[in-house]
Each structure stands twice: as C-alpha cells, then as structure tokens.
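Please open the structure in a viewer and keep the selection tool at hand.

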Amino acid sequence: MTRKKNTKTVMDKEGIDRCLTRIAYEILEKNKGTKDLVLVGIRTGGVYLAERLQKKISVIEEGEIPLGILDITLYRDDLSSAKRKPRLGKTKIPFSLDDKIVVLIDDVLFTGRTIRAAMDALIDFGRPKMIQLAVLIDRGHRELPIRADFVGKNLPSSLWQAVSVKLVEKNGADEVVIEEET
Amino acid sequence: MKLNKKDLLGIKDISVEEINFILETADSFLEISTREIKKVPTLRGKTIINLFYEASTRTRTSFEIAAKRLSADTINISASTSSVAKGETLIDTARNLEAMNPDIIVIRHSAAGAPHLLASQVKQSIINAGDGAHEHPTQALLDMMTIKEKKGKINGLKIAIIGDIAHSRVARSNIYGLTKMGAQITVAGPATMLPRDIEQMGIKVYDKMQEAITGADVIMMLRIQLEREKQNIFPSLREYSQRFCLNRGNIALAKKDVIVMHPGPINRGVEISPDIADDLTQSVILDQVNKGVAVRMALLFLLAGGHE
C-alpha cells in the first residue's frame, strides 16, 4: 500500500537557475577570480549542480575550471549498520587538489554527515588550500558543526518532511519540493 | 540492489544480476588503487582472516591488499605454520577462529566443498578462494570484469578455454559464469584432462586446440599443474606443448582483436609462448591481476556487516 504524499513546490526552474547564477558570482567574488579554483560535486545531485556552476563560471570569466566527481559512500559513518549497501558510484578527480581552493557542491545540506564524509575523502586526495561548501538548499537540522559558504535558499523544514531537489539531468524537470506523508 | 548472501562460495549459485552488481561495484573500486593514498576507511574495525591450506601468492596477496585498502585488519594463516600441522581439523580451526570474532574468513583448501562446510558451521561470511578442482569464484569474477572492460560485453562472445579443464577450478567457475552471461564457450585439452560430463555444461568440446580457438574473441589458457605430471595424466610436457601451447602460429586462427588470458602462474613455453604472454596488445594477464584487487574489494565491501 502506498501512502499519500503531500507535495509542495518551493522553487521552480527559474528559481534554481537564478540561485546558481548568484552562487557563481559569489564564488568568484569571494575567491577573487578563478585562480586555483576547482569544483567537486557530490554524487549524484551535486554533480549536476557542479556542472551547471562550471558552465556559468566559464561564461563570466574566461576559461573552464576543473570539475571533479566525488562518491562519499566509502566514507559514510553508517555503513556497518546499514542493512542495504548503497550503490557505489565512481569517483573521478583527475587533477591534484594540493594548494587548490576546492568548492564542494551538494544539492541539500541537512545533518552535515555527508559533508563530513566528503571532506575526509578530499583530504585523502591531497592537501587543498581551502575547502568551501556550496549548496542549493540548506534545510537545517545539523548534527555536526558544519555550515555552507554559499547557499541558494534557506528552507526551514521539519524532520518528518523530505526535501528533494529534482533536476532535468536525472528527474526530467527542475524543481525543489517538500514532501510530507499524510 | 544488494548481495543477499552471507557467503560467496561459487559462481554456480549466484545470479546474472548479482554478477553484474558485483562487477559494477568493483568498477568503482578501481580508482582507489590509482590514488596516492590507496586507502579508504570503509571497513575500519573489521577483521578478515585469510585461511590458506594451499600455496598461493597472487590470490592471498590480492585479498590482503584489497582488505588493507579498505582499512580492515587482516590475518594470514597458512596451513604449514598453523595448528593444522599439529592435526587440528578444519572445523575445530574454524570454531577457534570464530571465537575471536573475525568478520570474514577467506579460505583456500585442497578439498572441494571445504568452504561450504565452513559456511554451515560458523556465523562469519566465508569467501571461497579456491576449493580443490571445484570453484574459484573470485578468479572468474575478475576474468569477467577484464573481458567486459576489453570487449565492452560478454554476451555473444566466443571464448575458448584451453588446457587441463578437469582439474581446473578456474575453468569450472568461468564456465558457470560466462555461460550465464551469454558467452559461447569452447574447450580443448588432452582427453585425460576433460571431465566426462563436460558437454552437459552447455559448451563445445574439441580435442584439437586449433578448432577451439578458431574465431575466438577471448582465449583463456589454463596452467598445466606440473605437480600432476606424476599422476600420469599426460605423457610429457613436450608433447603437451606441441599440441596445446598458444603461439604465433595458432593464434592467427582467432579473431584479429583476440585477447589472451591466463590465471597465472604461467609456465612459459608450456601452455603459452613467451612472446604472446608478453605482447601487451593481446595479453591481458596483468590486467587480470589488477582487476583482482578491485573485485575482492567489492566482495569484502558487500559481504562485511549489514546482513538481514
């Protein structure tokens, strides 16, 4: 039996695009250009957002900045208790992170545990000069002392709600929705 | 998807979906071995015992490296240096190891079925690293991974397996696996080295190697187990190599882009001529070893903890 879900759209295609445009400018402003700048998207949602940010940045400033893909599964803190093993995706960071400014990109910032895992993974790849965090949605409820440097939208939510970022690349449409079982 | 199993005992009893899931997971593990820091914290605090009752360099090292790259603690026990030499039975050894709470036991044994016996007696996950002439599932998985990478698929390929089929657990596991994945298998070897029931495995059997490798996409050469020469199953190495050694002459019968595989250790000039073994345009022998670590990392990852 499937239970009914209450779905509310909180951001549409244009909203997402404007957020990303602003974040792209903020990244460049904070880092004074693209020198030593690299983007790393967290699988899977973060990767599509990172690709879009890379494109936007390359339009604003000349040249393409490097883009990496990170799967954090092997760094999760709940693996030994997980009944079902998450599907492991490929990590591709084909450039050195030493002395780079890494902007980590994810779709939703929630407990902060994913970001903790991602930072541990990045540090196994080298010694970045700095790691910054960009997210489309910050929904609160942090369980670790982590905050984002660039936020598309702060979205106060309840723990029983699900916040999902749907993107054309994987869901066929761009929107951010809050889902609630009724 | 998940690997809904406590143990990996053989390829015979796993499904195509499970094989694909393992290979896909292994594919994601390849990258870790290319990093400068070749280690992820995934299996921190897990203990893996390598219980080897038979000599092994490649497989044991491969399992150990796989476990260490996942941050597990590994302990190697070889029969010659353990209480086995004092006459302890397999089950007693296993019960004692069990009492020390390892998470996975990897076992190689000269008796077919030893891993199955162990799996029924202890609660830990058991991985079969070769049991007698029965199965060597991780070898078949790494072979399938290599073929998939080089050929892009397994379904529809013509794969020739040459040599001592009867005594080869590598051949048996590969025949189970590759036929499941849709390959067409041909085998050739001396009559004394072909199992009697072999055609029932859904494969074509030839007594001439040339016939088996004609048009092949993949040639898998098996090791001649020199320790069996004493058992009179083949008259001489010279005669064997004249009929069944892969060389520049007979390899021309296969497809132009054929790949040559061998589970190692190779007997140069007996089952494979050195110029073919070393020709990296055709030989994928070292790719196999490379894939072995990734396949074993995937299995340790999928089997360690979290069973329902």
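The model is a predicted one.

**Stop 1: a sheet in chain A**

Select strands β1, β8 and β7 of chain A, which form an open sheet of 3 strands in the order β1-β8-β7, with antiparallel pairing. Strands of a sheet pair through backbone hydrogen bonds, either parallel or antiparallel. Which strands stand at the edges? They are β1 (5-11) and β7 (162-166) of chain A; each has a single partner strand, so one side of each is left without a neighbour in the sheet. Neighbouring strands here are turned against each other by 25 degrees on average, direction ignored.

Next, keep β1(A) and strand β8 (residues 175-181) of chain A in view: the two run antiparallel and are joined by 6 bridges. For one specific pair, select Lys5(A), whose bridge partner in β8(A) is Glu181(A).

**Stop 2: two helices in chain A**

Two packed helices are described by the angle between their axes and the distance between the axes. Select helix α1 (residues 13-31) and helix α2 (residues 45-60) of chain A; they pack at an angle of about 65 degrees, and their axes are 9 Å apart. The crossing of α1(A) and α2(A) is right-handed.

Now display the side chains at the contact. From α1(A), the residues are Leu20(A), Thr21(A), Ile23(A), Ala24(A), Tyr25(A), Ile27(A) and Leu28(A), and from α2(A) they are Leu49(A), Arg52(A), Leu53(A), Lys56(A), Ile57(A) and Ile60(A). Sorted by class, the contact of α1(A) with α2(A) has 10 nonpolar, 1 polar and 2 charged residues.

**Stop 3: backbone details**

Most residues other than glycine have a negative phi, and most peptide bonds are trans. Select Asp36(A), in the loop between α1 and β2 of chain A. Asp36(A) is not a glycine, yet has a positive phi of about 65 degrees.

Move on to Thr44(A), in the loop between β2 (37-42) and α2 of chain A. A cis peptide bond joins Arg43(A) and Thr44(A), with omega about -10 degrees. For a further cis bond, turn to chain B and select Gly264(B) and Pro265(B), where omega is about -10 degrees. Pro265(B) lies in the loop between β9 (259-261) and α10 (274-277) of chain B.

**Stop 4: two helices in chain B**

Select helix α3 (residues 90-98) and helix α4 (residues 114-121) of chain B, which pack at an angle of about 45 degrees with axes 10 Å apart. Therefore α3(B) and α4(B) are oblique to each other. Their crossing is right-handed. In α3(B), the contact is made by Leu90(B), Ile91(B) and Ala94(B), and in α4(B) by Ala114(B), Leu117(B), Leu118(B) and Gln121(B). The classes in this contact are 6 nonpolar, 1 polar and no charged residues.

**Stop 5: the domains of chain B**

Finally, colour chain B by its domain assignment: domain 1 (16-135 + 292-303) and domain 2 (137-288). The centres of these two domains, taken over C-alpha atoms, are separated by 26 Å. How many residues of domain 1 of chain B are in contact with domain 2 of chain B? There are 18 residues of domain 1, in contact with 18 residues of domain 2.

On the side of domain 1 that touches domain 2, the elements giving two or more residues are α1 (16-29), β4 (125-131) and α11 (285-303) of chain B. Of these, α1(B) gives the most, with 5 residues. The residues on this side of domain 1 divide into 9 nonpolar, 5 polar and 4 charged.

Conventions: Residues are numbered from 1 along each chain as its sequence is written. Chains are lettered from A and ligands numbered from 1 in the order in which they are written. This is a predicted model: local features need pLDDT of at least 70, side-chain atom pairs count only at pLDDT 80 or more; totals for chains, interfaces and linings use all residues. Axes are lines fitted to C-alpha atoms, for helices over the stretch in contact, and angles run from 0 to 180 degrees between N-to-C directions. Helices (H or I, at least four residues) and strands (E, at least two) are DSSP runs, numbered from the N terminus. Angles under 35 degrees count as roughly parallel, over 145 as roughly antiparallel, 65 to 115 as roughly perpendicular and the rest as oblique. A crossing is left-handed if the near helix is turned anticlockwise from the far one by less than a right angle, and right-handed if clockwise. Two residues are in contact if their C-beta atoms, placed from the backbone, lie within 7 Å. Ala, Val, Leu, Ile, Met, Phe, Trp, Tyr, Cys and Pro count as nonpolar, Asp, Glu, Lys and Arg as charged, and the others, Gly among them, as polar. Domain bounds come from an automatic or database domain assignment. Two strands pair if DSSP finds at least two bridges between them.
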